Amino acid sequence: MTIPTRTLGTTSPLTVSALGLGCMGMSEFYGTPDEASGIATIQRALDLGVTFLDTADMYGPFINEQLVGKAIAGRRDDVQLATKFGVERGPDGARLGINGTPDYVRRACDASLTRLGVDHIDLYYQHRVDPNVPIEETVGAMKELVDAGKVRHLGLSEAAPETIRRAHAVHPITALQTEYSLFTRDLEDEILPTLRELGIGLVPYSPLGRGILTGVFKGEAAEGDARATAYFPRFQGDNLATNLGLVDQVRALADQHGCTPGQLALAWVLAQGDDLAPIPGTKRVRYLEENVGAVDVQLSEADLAALAAAVPRDAVAGDRYGDMSSVNG
């Protein structure tokens with residue numbers, strides 16, 4: 001199978017595999033971490049042509065970058081490597097807040113380079129916008145990293161349209177990473193038009209709705225799975241029952257296409273434009289291989305309309321986070 005490529009951004013373009021791999025769950029949030037399985041999954045991804053890898057310093061914390069570094073050792077030139085800073089955590093996992101100060105930007109980048117075992121990061125994101133630091137100061141420090149050769153391209157995550165404009169005026173922003181799936185479409189109103197006006201790519205995270213759109217998740221979360229907590233309201237009580245009903249609608253359409261619900265959901269995201277590259281996350285080779293099959297699912301305008309009718313934008317129950325204060329900053 002050949003994975004096509006896509007280009008994120010026009011002023012500072014970065015060519016990546018059309019389908020990326022989110023590495024977060026290999027180290028935290030979705031059950032027991034398994035480094036060996038994570039490394040095997042990343043290496044299989046590279047073999048299949050999934051070369052756009054996404055991590056962050058706060059995943060673990062810190063150990064996910066180390067895992068990715070081990071997995072890509074000797075294959076750095078095959079990879080488009082993205083990581084993030086800004087959600088500050090202590091070694092014990094304590095959340096210390098959002099930090100966008102210039103000094104922290106510099107320190108965070110150097111620490112990530114060391115953990116990853118690389119001399120540059122292809123795409124460096126501000127993970128969340130710090131409301132107490134002007135975006136111009138944060139991006140100004142990020143620009144210094146580009147000038148120093150430590151970073152090739154800059155990105156933002158969960159930023160509001162005006163923030164994106166202000167950041168882009170300081171240094172070209174290559175991509176915005178934010179949640180986008182059949183279950184999360186609010187960015188279509190203002191954020192996506194802003195990106196396209198400015199020539200900024202989109203990297204949808206959680207394109208499978210944190211796994212619910214695969215049809216595998218039925219509500220029984222494993223130990224350590226954050227979906228069992230109030231942090232993710234869509235997986236709680238009546239919200240979950242409603243949302244699983246929507247997944248059944250996706251499953252029925254997937255059966256017509258001879259694919260899985262997850263493949264159909266990913267194909268929908270891929271069909272939203274050539275200026276985006278989703279990063280479904282998994283820590284298992286078999287789910288990676290299933291996700292890769294989505295690139296072969298071709299959807300007509302009628303298919304897209306059927307999916308939109310099956311999962312109306314306002315039908316999904318619950319906010320995507322229990323605390324939405326740090327998104328769209």
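Angles under 35 degrees between two axes count as roughly parallel, over 145 as roughly antiparallel, 65 to 115 as roughly perpendicular, and the rest as oblique. The exercises below concern a predicted model.

**Exercise 1**

Determine how helices α1 and α2 are oriented to each other, and name the residues that form their contact.

*Solution.* 
Step 1. Helix α1 comprises residues 35-48, and its axis and that of α2 come within 9 Å, crossing at roughly 50°.
Step 2. The two helices are therefore oblique to each other.
Step 3. The contact involves Glu35, Gly38, Ile39, Ile42, Gln43 and Leu46 on the α1 side, and Leu67, Val68, Lys70, Ala71 and Ile72 on the α2 side.
Step 4. As to handedness, α1 passes α2 in a right-handed crossing.

**Exercise 2**

State which residues have the most contacts inside the largest nonpolar core, and identify what Leu264 touches.

*Solution.* 
Step 1. The largest nonpolar core has 100 residues. Those with the most contacts inside this core are Leu21, Ile42, Phe52, Ile72, Ile164, Leu213 and Leu264.
Step 2. If residues up to four places away in sequence are not counted, Leu264 touches Val250, Leu253, Ala254, His257, Cys259, Val297, Leu299 and Leu307.
Step 3. A second, separate core has five residues, among them Phe29, Ala56, Tyr59 and Val87.

**Exercise 3**

*Solution.* 

**Exercise 4**

Locate Glu158 and Arg210, and decide whether each is buried or exposed.

*Solution.* 
Step 1. Glu158 is placed in the loop between β9 (151-157) and α5 (161-170). Although Glu158 is not a glycine, its phi is positive, at about 55°.
Step 2. Buried means under 20% relative accessible area. Glu158 has 0% relative accessibility and therefore counts as buried.
Step 3. Arg210 lies in the loop between β11 (201-205) and α7 (237-257). Arg210 is not a glycine either, and has a positive phi of about 60°.
Step 4. The relative accessible area of Arg210 is 9%, so Arg210 is buried.

**Exercise 5**

Identify the form of the peptide bond from Gly60 to Pro61, and locate Pro61.

*Solution.* 
Step 1. The omega of this bond is near -5°, and the bond is cis.
Step 2. Pro61 is found in the loop between β4 (52-54) and α2 (63-72).

Methods
Residues numbered from 1 in each chain as written. Predicted model: local features only at pLDDT ≥ 70, side-chain atom pairs only at ≥ 80, totals over all residues. Heavy atoms only, no water. Core = buried A, V, L, I, M, F, W, Y, C linked by side-chain atoms within 4.5 Å. Buried < 20%, exposed > 50% of the residue type's maximum accessible area, 1.4 Å probe, protein only. Contact = heavy atoms within 4.5 Å. Helix = DSSP H or I, 4+ residues; strand = E, 2+ residues; numbered from the N terminus. Axes fitted to C-alpha atoms, helices over the stretch in contact; angles between N-to-C directions. Left-handed = near helix turned anticlockwise from the far one by under 90°.
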